[in-house]
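Here are my notes on the model you sent over.

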Amino acid sequence: MYKFLIKNKLINPTISINYYISRVVTVPTLITTDMNKRNCKICKKAIKGRSDKLFCSEKCKSYYHRKLREVTKKATEKTDSILHRNRSILLEIMGKNATQKKVSRDLIDKKNFNIRYMTGFFENAQGKRYHIVYDFAWMEFSDGDILIKRRNTKKQTQ
Ligand SMILES: [Zn+2]
């Protein structure tokens, strides 16, 4: 029996390392968390094995992550589609190569650009606020005109 255990550890070093870690590293946490009462986050079945396991099986684990993605997609798709439309409008105005362009506020309003949605913002040295929409940024002049810039280009400024 003893020989068999030794042999087993030698044959499969991963098992012996995990065994070692579970004995040495997680023993203090076992005092506060009862290992025997852990249940799968999905099917509520008792979990066997490592103390950091949250699911009883790969099936439950992938179900959980699929659901998580679905819920996130549902919650973000409206915002995403507004941002995507904003980006499309800026691309349409800028074309393939323009690094910056000045347009009227009317133009972007007519195209249904939603100024409240952006992916970020920054202020330049003059304190002008730029609204980032992915790889573009825009700012409003005091006369109402809009300056659009392409970001991450060789000519990138501010
Ligand atoms: Zn499960």
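1. One definition first: I call a residue buried if 20 or more other C-beta atoms lie within 10 Å of its own, exposed if 12 or fewer, and partly exposed in between, with C-beta atoms placed from the backbone. Keep in mind that this is a predicted model, in which local features need pLDDT of at least 70 and side-chain atom pairs count only at pLDDT 80 or more, while totals for chains, interfaces and linings use all residues. Residues are numbered from 1 along each chain as its sequence is written.

2. The overall inventory: the protein has five helices and five strands. Both are DSSP runs numbered from the N terminus, helices being H or I with at least four residues and strands E with at least two. Along the sequence the pattern reads α-α-α-α-β-α-β-β-β-β. Of the 158 residues in the protein, 11% are buried.

3. Contacts next. Two residues are in contact if their C-beta atoms, placed from the backbone, lie within 7 Å. Taking the contacts with a separation of 6 or more, 40% are between residues 24 or more positions apart.

4. Helix α4 (residues 58-94) deserves a look. A straight helix of 37 residues would span 54 Å at 1.5 Å a residue, but α4 spans only 47 Å between its end C-alpha atoms. The expected span here is 1.5 Å times one less than the number of residues. Where does α4 bend? At T76, by about 50°; the bend is the angle between axes fitted to the seven residues ending there and the seven starting there. After α4 comes G95, with a positive phi near 65°.

5. How many of the 37 residues of α4 are buried? Three, so I'd go along with calling this helix hardly covered, given the cut-off of 20 or more C-beta atoms within 10 Å. The buried ones are N86, I89 and L90. Their cover includes α5 (105-110), β3 (129-133), β4 (136-140) and β5 (146-150).

6. On to the sheet. Five strands make an open sheet in the order β1-β5-β4-β3-β2, with antiparallel pairing. Strands count as paired if DSSP finds at least two bridges between them. At the edges sit β1 (100-103) and β2, each pairing on one side only. Neighbouring strands are turned by 25° against each other on average, direction ignored; the axes are lines fitted to C-alpha atoms (for helices, over the stretch in contact), and angles run from 0 to 180 degrees between N-to-C directions.

7. Strand by strand, β2 (residues 120-123) and β3 run antiparallel and are joined by four bridges, with F121 opposite H131 in β3. Between β3 and β4 there are three bridges, again antiparallel, and H131 has W138 in β4 as its bridge partner. The antiparallel pair β4 and β5 has five bridges, and R150 in β5 is the partner of F136.

8. The hairpins each come with a positive phi. In the β2 and β3 hairpin, with five residues between the strands, G127 has a phi near 80°. The β3 and β4 hairpin has two residues between its strands, and here Y134 takes a positive phi near 55°.

9. What makes up the largest nonpolar core? Eleven residues: I89, L90, I108, F113, Y130, V133, F136, A137, W138, I146 and I148. A core here is a set of buried Ala, Val, Leu, Ile, Met, Phe, Trp, Tyr and Cys residues joined through C-beta atoms within 7 Å. At least two core residues come from each of α4, β3, β4 and β5, and β4 gives the most, with three. Beyond four places in sequence, I148 touches L90, I93, M94, Q100, K101, V103, F136 and W138.

10. R105, in helix α5, counts as partly exposed because it has 15 C-beta neighbours inside 10 Å. Its C-alpha is 5.3 Å from that of D145, 40 residues away along the chain. Outside four places in sequence, R105 contacts G144, D145 and I146. N97, in the loop between α4 and β1, is exposed because 7 other C-beta atoms lie within 10 Å. N97 and R150 are 53 residues apart in sequence, and their C-alpha atoms are 8.8 Å apart.
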